[in-house]
Every structure is written in C-alpha cells, then in structure tokens.
Number of protein chains: 2
Amino acid sequence: MSRPINFGAGPAMLPESVLSIAQAELFNWQNTGMSVMEVSHRSKQFMQLRDETEELIRQLMQIPSDYHVLFLAGGARTQFAMVPMNLLAQNSHADYLITGAWSQSAYDEATRYGKLSVVARVTAEKLLSVPDQAQWQLNPKARYFYYTPNETLLGVELANTPKIAVPIVADMTSCILSRDYDVKKFGVIFASAQKNLGQAGVTVVIVHKDLLSEPFSYTPSMFDYRIQVKNQSLYNTSPTYAIYIMNLMLKWTQQQGGVPSMMENNAQKAHLLYNYIDTHHFYNNAVAPEYRSQMNVSFNLPTRELEAEFVVAAAQADLLGLKGHSSVGGIRASLYNAMTLAGVEALVRFMEQFRKQHA
Amino acid sequence: MSRPINFGAGPAMLPESVLSIAQAELFNWQNTGMSVMEVSHRSKQFMQLRDETEELIRQLMQIPSDYHVLFLAGGARTQFAMVPMNLLAQNSHADYLITGAWSQSAYDEATRYGKLSVVARVTAEKLLSVPDQAQWQLNPKARYFYYTPNETLLGVELANTPKIAVPIVADMTSCILSRDYDVKKFGVIFASAQKNLGQAGVTVVIVHKDLLSEPFSYTPSMFDYRIQVKNQSLYNTSPTYAIYIMNLMLKWTQQQGGVPSMMENNAQKAHLLYNYIDTHHFYNNAVAPEYRSQMNVSFNLPTRELEAEFVVAAAQADLLGLKGHSSVGGIRASLYNAMTLAGVEALVRFMEQFRKQHA
C-alpha cells in the first residue's frame, strides 16, 4: 500500500525512515528488551537519549553554549504564558508583533502578566502584508519583543529576523529547522514538535541564560525555567516517547544535510507551488510575495463550493489535510521538512487536472 | 529474545499485546495509511479515538455523568498547581494529608495559592503508619481535602477512601484502575499515564462539574479546567500518541476483566511478595500491614552493600528496575497492572536464591 501524501498543518507527516525505525525498535530499544516507552526517564539509556537529542539540536541550529535547551510538555500554548511569567516583572513591558492568529493568542495570554504593546499588525489591503520595521512602535523599555516568524493559518512568514534592541522571543513551532535562523539574535525560541520535530507532546525551548530570573511568585514550579534548567527538563517524568521520536527526526534532518539542505528543499517546494498558483487565475494566494510562507501555502478557488469539492477530490487522490483552518476557510498545503518535492509535484498535477475540469 | 521483567516505578512495563498492536499499526492506523502520530488532533479519526478513550475510562471506573474527563499534558506535577489554582480563591483554605514525598510536594506547591493545613502526617515509629482519621485536624472551611492514595517511594497506601465532608482531591497516578475506587466520593481525581495508563505524556483529570469555577486571574489558560472542558481537552494540540497508547491500555484492561480482575490480580501479586518477605528476616518491609501498598513493595536487605549486589544480580537475571528511589534507597518492586503473577513468582524465586547465597 502506498502512503497518502499528508499536507496537514500538524500533527504533520513524518519521514518513512523515522517511522520504520520506530516500528522496528518498538519492542526492543537499544537491546534493553523493552520499548523506549517502558524505560525510566532517569535510566542511563534515556539520559543518553536526552543528551544526544540536545546535542543534535545544538549542532543543527548552531546553538551557542550560553543558551539552555529544554524539552517541556504542554505545547507552544503553554509557552504563551510561561514566557511572560518568567521574563516579566511587576509593571514591566513587552512588545508584540501581530502577524496572525498565533501571535494574537500569545498576546492575549500575556496581557494578564504585564503592560503589553502591539508594535504593528498584519495589514490586509490588496494583499496580506506586514508593515516595514521603520513603522513599528517599539518600546525601548520592553523586557522582550515577541513575534511568530511563521503564521500557519494564512501562511504569513517573516524570512528575516527583525533587528531589535531588546531580547527577541520567537514561536518557531511551524518553522524551526526550516531555514537558518541565527540563534544568537534571539532571547527565547520555542517550538512544539508536531511539525518539524516529530510528534505532538513535547516542546523545545531554547533560552539564553541571562534571561533566567525569579518569576512571579504565583508561577507554577513546572513553569519556572530555572527549575527546568536545573533539572535538565527532568523535574518530573518527561514525555519520553515524544523525545525519542524527536531524536529520530533530528537524526533524519542531519542525514538529509541539515538546515542548509532543508532550506533549499523548502524553497524549491514552495516556489513550485506558488509559481503554479500565480500562473492561473483559478487559484489565488492572498499574501504579499515577500511575506509568503514556505511552510504553509494557502489559496482560494473561485467559490466555496469548488473549495469543498477540491478537498474531497484531493482526498480521493490520496492528497490529504488540504482543508484550510476552520476560522479562515480556503485551501492550505503545509510543506514541512518531511514533505517531499514529489509530494508537491503530485499536488500541482492534481491542481492542474482539477482546474481543467472546473475552470 | 524473551523480555526482561520490568519492576520500575514508572515509566512502567506495558502488556506485550499493547506493544504488538502499537507496532503493527505504526505505519498504518485504521486504514488511514498514516501513523496515528501523523493524524490531525481535529480529524474525525482522532476525535473518535478521544471519545472512545473517554468512554472506556468512564466504563472501567463507572464515572458518573456529572464528572468531566480531561486528557492533559504536563504530568501529575502540573496538577499540583492546577488543582489549587482552580479550586481555591483569595484567602481560602485546603487540607492536605501527608503520607509521603508526593503529597508533600503537592502541599509545597499549593502553599502559594491558599491557606493550607496538614491534617496528619505519616508516622515512623516501629513501622510506617498513618494516624487514624479520628485524629486528623480537619478544617470544615477547607475548599478541598487532598491526599495521595498510594505513595510510591516507600509503598504506603490507603486502601479505603477517607470520609470527608469537603470535596476530596486524589493523586491516583500510581493506583488508578488498580482497585475499585468509588468516583462519587471524589471531587477531583488525576493520574499521569506512565504506570497503569500507558506511556508518559498525558494525564487523566476527572473533575466534578460543580468544582469548575473562575480560577485566579493569573492562571494560564492551559491551566483553566473550564477552558479544557469547553474544548474537550483540545484547546491546543493534545499529546495524540500518548492518548492512543492509553486507549490500547484501557482496552487491554477491559479485556482482562476490568477493575475487579485487576484488583484480584494485584492482591494476589502483592500477597505473594509480602508473604515471602515476612517469612524471612533477611528481607524487611517497614510499612504497617494495613498501609502496605499493592503497587510498590519496598524492602531492605541486611546491608546497603547487599542491596547494591541484589540489584546487580537481579538485573543479570533479567529482573529490572528494582533499585529503590534515590532519596530512600533500598529495594522497590513496582507491581502495576501490567505486571504478571509469573513476574512476581520469578522475583520471589530470585530472592530465595539470593537469600540462600548471602544469609
């Protein structure tokens, strides 16, 4: 049986080789005679896995030694509160750039912990766009500047890291390892795993050591970066299997040539799809070219009925997960690292066929 | 290759049939052609899995319809803060029974959210024991009474549910489904999965609907029971694979005969081991018989050197995870639901052999 091609926004498809290893080792991991999910999080074997996983992500992203790397539970949404609870203090300020639903949610969550400002918002005139940084209302007293480099709902991406005087906090859930971010430019990077890092259930948090400080007194211990750092993310039983799958996914990324290779593939995949969309009025993408996402390509068809028909016909052709987010509708093809060029080519062939039948 | 017998305190061993299904379905779950870890948490298939998992646990524990069942991330330790953040209000009270390290940790975490009292503490005269309920200093104004029915470190268990006028909150991480708790007697029950419910990464929270109320203003959205209830635990991407393994584990529990069958097996396994310990001075358990845990049997040998030797020799005989918790030392055999009687018999045979060689 051939596998369908999964364009879902996450949990996302995984490379077949990652699934093959997970399947082969499910009963007997590293000659323990046990599944990795049966092994103690404090065992020598698991501690080695944890250390190796950290080392892999440090190598792939070139993370300097003055950053901590944590593996936490609760998803990116947990970080929406954890970041301000750790980085803010009484009556302190933070700046947020709102480029879509995820940065908006992060902003909403953080408002209860400090004095927040929106430095700029995504604009929707002819096309979705982000105001030039020269127009942003930056607060020099902000404890941090927060943004979401890639917004998944409509596919809005800032390819270049803004130049900001205060520490930058970035939700890289949907773009980590997809291009060569310079970690040194950031204060905190976080990413839940279910797109480019494996399965849902674990979130990577990369935090500069100078940002560790006394959180608000009401902060749960599990939310205190200092406690998690001190305990090497093992303050409680960590999501061991999700960390294992991340380990496999990072090794796969490395084998493929690391971030430079991912970046090249992603550019090629996105170019193919956007180029096809742009050559036919039947399909329409609403994002200004310089802010188009490489990871999530959204587009519309002439009518909602055609969009619904498109999703059904695509699924029959084993092209899955193409329905846009419920809040925005339309079509969305997510092209995370595990998506192949052949997968995108199959989608484009299907789109051309569908267009010819319905245009 | 025969599997070793894993007496670890958690992540714990899983039934072979559960691992077999997980392995067989890893590439193709429910004819989706995808792994369950690649499927959207909002897909029809995963929603059905979530619903079925809830229904299974409702049936197994006979959970009345006025209780909500949640599947949350962050482990039991997250509940140590989440419970008081949801159940307490400004200057309100809560009662804690301290029977070991886990209830102590829960108490420590909750102190920042309210006025807490310790109603009684485990005593250690000749044997570890819990004062009679008649001696507990209960506060009638407490919002809730908190206890840990089974404490894993030394193996102290309260088999009977205390009779308390206020809602009871119980951390059942290490004893859920091991005996027939009457859910109606509880306000909140929580249990992380890595002992009797599958793999680490998901925590079941059973909460009476009358206990849902406005949490403290600084409570993270992810910690707000009302938000999780409203979103059927899908406020963000849930740990889908851990929920899938829990589903398999619950089906296995049902196939074995449900809680009555587990209870009988657990009593038999624990009796065999305690009975052996009690008949030989070489081994010593320090818990008063009426508070001995069925799940975690701790014991000492005449010297620390012999204990270290015991752990090494046992591992060579494929009896793993027997080292006591680092804070208390000694030996600990965890006999969760997936542990077989044959496994305990093998341990007893080894203990007898070791005793003969070293007594």
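By cavity I mean a set of points, on a 1 Å grid over the protein atoms alone, where a 1.4 Å probe fits but cannot get out. Grid points are joined across faces, edges and corners, and a volume is the space filled by probe spheres set on the points.

Before going on, please keep in mind that this is a predicted model, where local features need pLDDT of at least 70, side-chain atom pairs count only at pLDDT 80 or more, and totals for chains, interfaces and linings use all residues. Residues are numbered from 1 along each chain as its sequence is written, chains are lettered from A and ligands numbered from 1 in the order in which they are written, and side-chain values use heavy atoms, with hydrogens and water left out.

The largest cavity holds about 130 Å³ of space. Its lining has 18 residues, and the closest to the centre are A:Ala73, A:Asn236, A:Thr237, A:Ser238 and A:Pro239; a lining residue has an atom within 4 Å of a point. What classes of residue make up that lining? Seven are nonpolar, eleven are polar and none is charged. For these classes, Ala, Val, Leu, Ile, Met, Phe, Trp, Tyr, Cys and Pro are nonpolar, Asp, Glu, Lys and Arg are charged, and the others, Gly among them, are polar.

The second largest cavity has a volume of about 50 Å³. Both chains contribute to its lining, which includes A:Gln199, A:Tyr241, B:Gln199 and B:Tyr241. Helix H6 (240-255) of chain A and helix H6 (240-255) of chain B are the elements that give two or more residues to that lining. Helices (H or I, at least four residues) and strands (E, at least two) are DSSP runs, numbered from the N terminus. By class, this lining divides into eight nonpolar, four polar and no charged residues.

Now to the interface. In chain A, 57 residues are in contact (heavy atoms within 4.5 Å) with 57 residues of chain B. The two chains bury about 4,500 Å² between them, 59% of it on carbon and sulfur atoms. Buried area here is the accessible area (1.4 Å probe) that two parts lose on being put together, summed over both. Which residues of chain A lose the most area to chain B? They are A:Phe27, A:Met37 and A:Glu38, together 15% of what that side buries.

Let's turn to charges. Side chains of opposite charge can pair when their charged atoms come close. A salt bridge means a side-chain nitrogen of Lys or Arg within 4 Å of a carboxyl oxygen of Asp or Glu. That rule gives 28 salt bridges over all chains, and the count between chain A and chain B is two. A:Arg3 forms a salt bridge with B:Glu38, with the closest N and O atoms 2.3 Å apart. Within chain A, the side chains of A:Glu54 and A:Arg50 meet in a salt bridge at 2.8 Å, N to O. Both of these residues lie in helix H2 (residues 44-61) of chain A, four residues apart, about one turn of the helix.

I'll finish with the backbone. A cis peptide bond joins A:Gly10 and A:Pro11, with omega about -5°. A:Pro11 sits in the loop between strand S1 (5-6) and H1 of chain A. In chain B, a cis peptide bond joins B:Gly10 and B:Pro11, again with omega about -5°. Finally, A:Leu177 has phi near 65°, a positive value in a residue other than glycine. A:Leu177 lies in the loop between strand S10 (168-171) and strand S11 (188-192) of chain A.

Technical notes: On a 1 Å grid over the protein atoms alone, a cavity is a set of points where a 1.4 Å probe fits but cannot get out, and a pocket is an open set with protein on both sides within 12 Å along at least five of seven lines; lining residues have an atom within 4 Å of a point.
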